[in-house]
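This report describes one protein chain for a reader who is new to structures. Please keep the sequence and the model in view while reading.

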Amino acid sequence: VIKPMIVLLMLNVAVMTIWTVIDPLQRQTVVVTQDPFLRNVETYGVCDSDHVSTFLAILCVINLGSLIFALFQAYMARKISTELQESSYIFLAMSIILLVSFIGIPVIIIARDKVAALYFVTAGLIFVVCSSLLLLVFIPKVRALRKKNRNTSMSVSSGGMGIKILSTPVGQAELEKENHALTVVQSKSEKEIRELKRLL
């Protein structure tokens, strides 16, 4: 997992470094409205460059390509036990990210001249992408952990003695069985002691 992540990170860093060196972003002020005396009434600032579309296209190809490949890998690992993997949830999260990207990115391009709409759509896109990944990865793990803690018994070892704390019905039945066996052993030991005392 770490090697593909490093490769993907280095590709993004390389593209953005080349972009910054060759065609750095420059702040531009866009005039929205002016009064009759040609004084600016409403303006907003944007960062732009001459070849922004080219570099954004390269970044999209790299990251969307890795996303589609990760979807394929998650689909191939869908039948592995849930305790050992979260591929099904990652597949669902990345499907949501892919769907939201196909819907949100064109809307961002269309709403580029509308600052309020651009901000709203961008913030919503970031929120959905981050929350879908975090919730679908961590919530099933927390639920599985709590379920495992409820359905399994706890065991505690102390020195050379084995002490079991059993909280489930199966564990309680096992504890009663062990108690019965110990009671039988105790009865036999007491009987042997009485016999030895009689002989002495």
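What percentage of the 200 residues in the protein chain do buried residues make up? The share of buried residues is 18%, where buried means under 20% relative accessible area, exposed means over 50% and partly exposed lies in between, with a 1.4 Å probe and protein chains only.

## Basis of the values

This is a predicted model, in which local features need pLDDT of at least 70 and side-chain atom pairs count only at pLDDT 80 or more, while totals for chains, interfaces and linings use all residues. Residues are numbered from 1 along each chain as its sequence is written, and side-chain values use heavy atoms, with hydrogens and water left out.

## Overall layout

The protein chain contains five helices and four strands. Helices (H or I, at least four residues) and strands (E, at least two) are DSSP runs, numbered from the N terminus. Read from the N terminus, the order of the elements is α-β-β-α-α-α-β-β-α.

A contact means heavy atoms within 4.5 Å. Of the contacts in the protein chain with a separation of 6 or more, 43% are between residues 24 or more positions apart. The protein chain has an accessible surface of about 16000 Å², and carbon and sulfur atoms account for 68% of that surface. Accessible areas come from the Shrake-Rupley method with a 1.4 Å probe; for residues, only the protein chains shown count as cover.

## Helix α2

Helix α2 is made of 25 residues. From its first C-alpha to its last, α2 reaches 36 Å, which is close to the 36 Å expected at 1.5 Å a residue. The expected span is 1.5 Å times one less than the number of residues in the helix.

The buried residues in α2 include V52, F55, L59 and I62. L67, L71 and A74 of α2 are buried too. I68 also lies in helix α2, but I68 counts as partly exposed because its relative accessibility is 48%. Between the C-alpha atoms of I68 and F91 there are 10.0 Å, and the two residues are 23 residues apart along the chain.

## The aromatic pair

A pair of aromatic rings is described by the distance of the centres and the angle of the planes. Rings of Phe, Tyr and Trp (its six-membered ring) pair if their centres lie within 6.5 Å; planes under 30 degrees apart count as stacked, over 60 as edge-to-face and the rest as tilted. How many aromatic pairs does this rule give? The count is one aromatic pair. The ring centres of W19 and F55 are 5.4 Å apart and the planes are at 5°, so this pair is stacked. W19 belongs to helix α1 (residues 2-22) and F55 to helix α2 (residues 52-76), so the pair links distant parts of the chain, 36 residues apart.

Both W19 and F55 are buried; for F55 the relative accessible area is 10%. Not counting residues up to four places away in sequence, F55 touches V15, I18, W19 and D23. The C-alpha atoms of F55 and M16 are separated by 7.9 Å, although these residues are 39 residues apart along the chain.

## Two loop residues

S49 sits in the loop between β2 and α2. Is S49 buried or exposed? S49 is buried, because its relative accessible area is 10%. Its side chain makes a polar contact with the side chain of W19 (3.3 Å) and another with the side chain of D23 (3.3 Å). A polar contact is a pair of N or O atoms within 3.5 Å; within protein, one must be able to donate a hydrogen and the other to accept it, and residues adjacent in sequence count only if both atoms are side-chain atoms. Leaving aside residues up to four places away in sequence, S49 touches W19, D23, P24 and L25.

L38 is placed in the loop between β1 (26-34) and β2 (40-48). With a relative accessibility of 63%, L38 counts as exposed. The phi angle of L38 is near 60°, a positive value in a residue other than glycine.

## Cysteines

A disulfide is a pair of cysteine sulfur atoms within 2.5 Å. The whole structure has zero disulfides. C47 counts as exposed because its relative accessibility is 54%, and C130 counts as partly exposed because its relative accessibility is 41%.
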